[in-house]
Amino acid sequence: MEANKMWLSLPKDFRKQLIANVYCTNCSDTVTITDFIIVDHPVGVMLDGKCENCGSKVARVVEMDE
């Protein structure tokens, strides 16, 4: 719940940029993350989901200032 609050505290345009800028090791490229959940991470929040192109597991850590 706290991770979701932190995620929603970011501006909508910035969240869209983060969603569209995730590295997929299978595609060896920057991709869009889909079907993601937002979880707590020691430095902020983590988006845990799938690559839009190939469906492989991808994740993106977003550092948050307290």
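**Note on the predicted model of the protein chain**

1. In the protein chain, 33% of the contacts with a separation of 6 or more are made by residues 24 or more positions apart. The coordinates under discussion are those of a predicted model, and the points below should be read with that in mind.

2. As to secondary structure, the protein chain contains two helices and five strands, and from the N terminus on these elements follow the order α-α-β-β-β-β-β.

3. On overall dimensions, the C-alpha trace of the protein chain spans about 35 × 20 × 15 Å along its principal axes. The radius of gyration is 12 Å, which agrees with the value near 11 Å that a compact globule of 66 residues would have. Of these 66 residues, 30% count as buried, and the accessible surface of the protein chain comes to about 4500 Å², with 48% of that area belonging to carbon and sulfur atoms.

4. On charge, the protein chain carries 7 positive and 10 negative side chains, and the centres of these two sets lie 6 Å apart.

5. The largest nonpolar core has 16 residues, and those with the most contacts inside it are Trp 7, Leu 10, Ile 33, Val 45, Val 58 and Val 62. At least two residues of this core are supplied by each of α1 (2-8), α2 (12-19), β1 (22-24), β4 (44-51) and β5 (57-63). In soluble globular proteins, nonpolar side chains tend to be buried together.

6. Val 45 deserves a separate look, as one of the residues with the most contacts inside the core. Leaving out residues up to four places away in sequence, Val 45 touches Ala 3, Met 6 and Trp 7, then Ile 38 and Val 39, and finally Arg 60, Val 61, Val 62 and Met 64.

7. Leu 10, also among the residues with the most contacts inside the core, lies in the loop between α1 and α2. Leu 10 counts as buried because its relative accessibility is 14%, which falls under the 20% limit. Apart from its neighbours within four places in sequence, Leu 10 is in contact with Arg 15, Leu 18, Val 62 and Met 64. With Met 64 the sequence separation is 54 residues, while the C-alpha atoms of Leu 10 and Met 64 are 9.3 Å apart in space.

8. Val 31 lies in strand β2 (residues 29-31) and, with a relative accessibility of 3%, counts as buried. When residues up to four places away in sequence are not counted, Val 31 touches Ile 19, Ala 20, Asn 21, Val 22 and Cys 24, together with Cys 51 and Asn 53. The C-alpha atoms of Val 31 and Cys 54 are separated by 9.6 Å, and these two residues are 23 residues apart along the chain.

9. Arg 60 is found in strand β5 and is partly exposed, with a relative accessible area of 22%; that value lies in between the limits of 20% for buried and 50% for exposed. Not counting residues up to four places away in sequence, Arg 60 touches Leu 18, Asn 21 and Val 22, as well as Val 45, Met 46 and Leu 47.

10. Lys 12 lies in helix α2 and is exposed, with a relative accessible area of 54%. Lys 12 and Glu 52 are 40 residues apart in sequence, and their C-alpha atoms are 20 Å apart in space.

11. Ser 28, which is found in the loop between β1 and β2, has a phi near 55°, a positive value in a residue other than glycine. Asp 35 lies in strand β3 (residues 33-41), and its phi is near 50°, again a positive value in a residue other than glycine. Asp 35 counts as exposed, at 62% relative accessibility.

Conventions: Residues numbered from 1 in each chain as written. Predicted model: local features only at pLDDT ≥ 70, side-chain atom pairs only at ≥ 80, totals over all residues. Heavy atoms only, no water. Helix = DSSP H or I, 4+ residues; strand = E, 2+ residues; numbered from the N terminus. Rg over C-alpha atoms; globule rule 2.2 N^0.38 Å. Buried < 20%, exposed > 50% of the residue type's maximum accessible area, 1.4 Å probe, protein only. Contact = heavy atoms within 4.5 Å. Areas by Shrake-Rupley, 256 points an atom, 1.4 Å probe, with all protein chains shown as cover. Lys, Arg positive; Asp, Glu negative; His and termini not counted. Charge placed at Lys NZ, Arg CZ, Asp CG, Glu CD. Core = buried A, V, L, I, M, F, W, Y, C linked by side-chain atoms within 4.5 Å.
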